[in-house]
Amino acid sequence: MSILQVQETESEKTLYRAAHGHSDGDRMTELGLNHNWFAVCTRHQHEKTAARILEYKEFEVFLPLYKARHRWRDRIKDVSLPLFPGYLFVREGFKRWLAILTTPGVSSIVSCGGQPAAIPFSEIEGVKRIVESTVRVEPHPFLKSGDWVRVKHGPIAGVEGILLRKKNIARLVLSVEMLGKSAAVEVDATHVERIPAGAPKTDFTFQDSFIAIRRDVRGSLSTA
């Protein structure tokens with residue numbers, strides 16, 4: 001990739017804002033009023049490149065990563081890999097979809113009915129909390145059924161997901177429904193509580209720069 005493909009000059013940014021009638025203050029106001037996250041599809045192994053360029057274009061980008069140990073013939077090295085390969089998330093205040101789609105490494109935006117599909121804030125918040133914590137996280141096959149639980153203690157208290165058990169190890173599986181992607185994190189089974197079908201769920205809503213708690217009703221889930 002050439003430097004010319006990556007660089008966007010300050011004059012180009014100024015012309016873009018002027019053409020769209022947005023001053024810096026207007027742009028920040030709009031960003032403050034819209035807190036939806038959208039999923040962006042990337043080319044194979046282009047997640048980090050696309051994220052860097054989108055950040056340079058002044059988008060708010062979230063690329064969840066996890067640590068993995070790779071073994072080569074002569075050495076072992078810890079590397080950071082995308083938790084959801086082929087995807088990253090962008091929080092957009094006014095619709096600069098063309099600027100996203102023309103970014104090197106980006107292939108498309110996850111859409112529904114021909115429109116970019118918003119990802120629930122609570123799902124992104126849950127993924128953020130586990131990748132920012134000290135617990136081990138890794139990709140996991142997507143699940144739709146099982147027991148929903150809520151973590152009661154520790155650095156990810158309040159996060160909800162599906163509890164799995166394998167060889168005496170408990171894992172909490174969090175899902176991003178729109179993508180059909182999941183991630184699993186090890187938890188202490190004594191630190192979680194089961195959430196009965198139909199019980200109120202915790203949802204995180206972004207309001208005025210703080211997280212508020214809203215109560216709603218979860219639909220029932222069947223056990224596979």
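In what order do the 6 strands of the open sheet run? The order is 10-14-13-12-11-15, with antiparallel pairing. Strands pair here if DSSP finds at least two bridges between them. Helices (H or I, at least four residues) and strands (E, at least two) are DSSP runs, numbered from the N terminus.

This is a predicted model: local features need pLDDT of at least 70, side-chain atom pairs count only at pLDDT 80 or more, and totals for chains, interfaces and linings use all residues. Residues are numbered from 1 along each chain as its sequence is written, and side-chain values use heavy atoms, leaving out hydrogens and water.

Strand 10 (137-140) and strand 15 (192-194) are the edge strands, each pairing on one side only. From one strand to the next, the twist averages 45°. Axes are lines fitted to C-alpha atoms, for helices over the stretch in contact, and angles run from 0 to 180 degrees between N-to-C directions. Helix 6 (residues 121-132) packs on the sheet and touches strand 10, strand 13 and strand 14. Its direction makes about 140° with that of strand 13. Contact means heavy atoms within 4.5 Å.

Strand 13 (residues 169-176) and strand 14 (residues 181-187) pair in the antiparallel sense over 7 bridges. Val176 stands opposite Lys181 in strand 14.

**The cores**

A nonpolar core is a set of buried Ala, Val, Leu, Ile, Met, Phe, Trp, Tyr and Cys residues joined through side-chain atoms within 4.5 Å. The largest has 32 residues, and Phe84, Phe89, Leu172 and Val187 have the most contacts inside it. Elements giving two or more residues to this core include helix 6, strand 13 and strand 14. Leaving aside neighbours within four places in sequence, Phe84 contacts Val127, Val176 and Lys181, among others.

**Helix 4 and accessibility**

Among the buried residues of helix 4 are Ala50, Ile53 and Leu54. Glu58 follows the helix, with a positive phi near 75°. Lys57 lies in the loop between helix 4 (47-56) and strand 2 (60-62). A polar contact of 3.0 Å joins the side chains of Lys57 and Thr103. Such a contact is a pair of N or O atoms within 3.5 Å; within protein, one must be able to donate a hydrogen and the other to accept it, and residues adjacent in sequence count only if both atoms are side-chain atoms.

Buried means under 20% relative accessible area, exposed over 50%, partly exposed in between (1.4 Å probe, protein chains only).

| Residue | State | Relative accessible area |
|---|---|---|
| Cys41 | buried | 15% |
| Lys57 | buried | 14% |
| Cys112 | exposed | 55% |
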